[in-house]
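Open the model in your viewer and keep the selection tool at hand. We will go from stop to stop, picking residues and looking at what surrounds them.

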Amino acid sequence: MKNEATQPKNPHGSTAKVVRGSGSHVAEQGSVYRSGVSAEGVGSTMLWLGTISLPAGRRTRAHRHEGHETALLMTAGREIEIWSGSELEQCELVHAGDYLFIPAGVPHVAVNRSTESAEFLGARNDPAANESVVLMPELDNIVP
């Protein structure tokens, strides 16, 4: 049963929208974002959906997203490492076809040691194209 009280009202209209992918930008933490659905693009109030790339041989800076959860599907690439935890003590390998969930507030670093770009379809419950990121430079040197 749908709870009408929890369904936000979108002031930008009541029709569906077809969205052509926008240009990309390098996020503060170092990955490349391309927004599809966002507050800026379609007036979304609860959701961001787009693609995220981590080029070959690159890594993100240590960071966390204080106010939102992130869900990813790796669509292309060989393998990335996702380091997470308060001291980045946990390392998981992510391959094409794998889903990844990052809870709000969890410190993490993504590392692409391969020669291929890693590509993801991503969604989060922060609709802003430029998500809220808290950089954690004190953790940057932990991940080899």
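Select Glu131 to begin, in the loop between β10 and β11 (134–135). Keep in mind as you look around that this is a predicted model. Is Glu131 buried or exposed? With a relative accessible area of 11%, Glu131 counts as buried, because buried means under 20%.

Now show the neighbours of Glu131: leaving aside residues up to four places away in sequence, Glu131 touches Gln29, Tyr33, His65, His68, Arg124 and Asp126. The side chain of His68 makes a polar contact of 2.9 Å with that of Glu131, and the side chain of His65 makes one of 3.3 Å with Glu131. For a sense of scale, draw a distance from the C-alpha atom of Glu131 to that of Gly85: the two are separated by 20 Å, and they are 46 residues apart along the chain.

Next, pick Ser35 in strand β2 (residues 32–37). This serine is buried too, at 9% relative accessibility. Which side chain does Ser35 join in a polar contact of 2.8 Å? The partner is Trp48. Beyond four places in sequence, Ser35 also touches Gly21, Ser22, Leu49, Gly50 and Ala129.

From here, move to the nonpolar interior. In soluble globular proteins, nonpolar side chains tend to be buried together. The largest nonpolar core here has 15 residues, and Ile80, Val94 and Phe120 touch the most other members. At least two residues of this core come from each of β3, β5 (70–76), β6 (80–84), β8 (99–102) and β10 (118–124). The strand that gives the most is β3, with 3 residues.

Centre the view on Val94. Not counting residues up to four places away in sequence, its contacts are Met74, Arg78, Glu79, Ile80, Ile82, Leu100 and Phe120.

A second, separate core has 8 residues, among them Leu88, Val109, Val111 and Met136. Stop at Leu88, in the loop between β6 and β7 (90–94). Leu88 is buried, with a relative accessible area of 1%. Check its backbone as well: phi is near 55°, a positive value in a residue other than glycine.

Select Met46, Leu47, Leu49 and Leu121, which make a nonpolar surface patch of about 330 Å². Within this group, Leu47 sits in the loop between α1 (39–42) and β3 (48–54).

Notes
Residues numbered from 1 in each chain as written. Predicted model: local features only at pLDDT ≥ 70, side-chain atom pairs only at ≥ 80, totals over all residues. Heavy atoms only, no water. Patch = residues over 30% accessible without salt bridge, like charges linked within 9 Å, V, L, I, M, F, W, Y side chains within 5 Å. Areas by Shrake-Rupley, 256 points an atom, 1.4 Å probe, with all protein chains shown as cover. Salt bridge = Lys/Arg side-chain N within 4 Å of Asp/Glu carboxyl O. Helix = DSSP H or I, 4+ residues; strand = E, 2+ residues; numbered from the N terminus. Core = buried A, V, L, I, M, F, W, Y, C linked by side-chain atoms within 4.5 Å. Buried < 20%, exposed > 50% of the residue type's maximum accessible area, 1.4 Å probe, protein only. Contact = heavy atoms within 4.5 Å. Polar contact = N/O pair within 3.5 Å; in protein donor to acceptor, adjacent residues only side chain to side chain.
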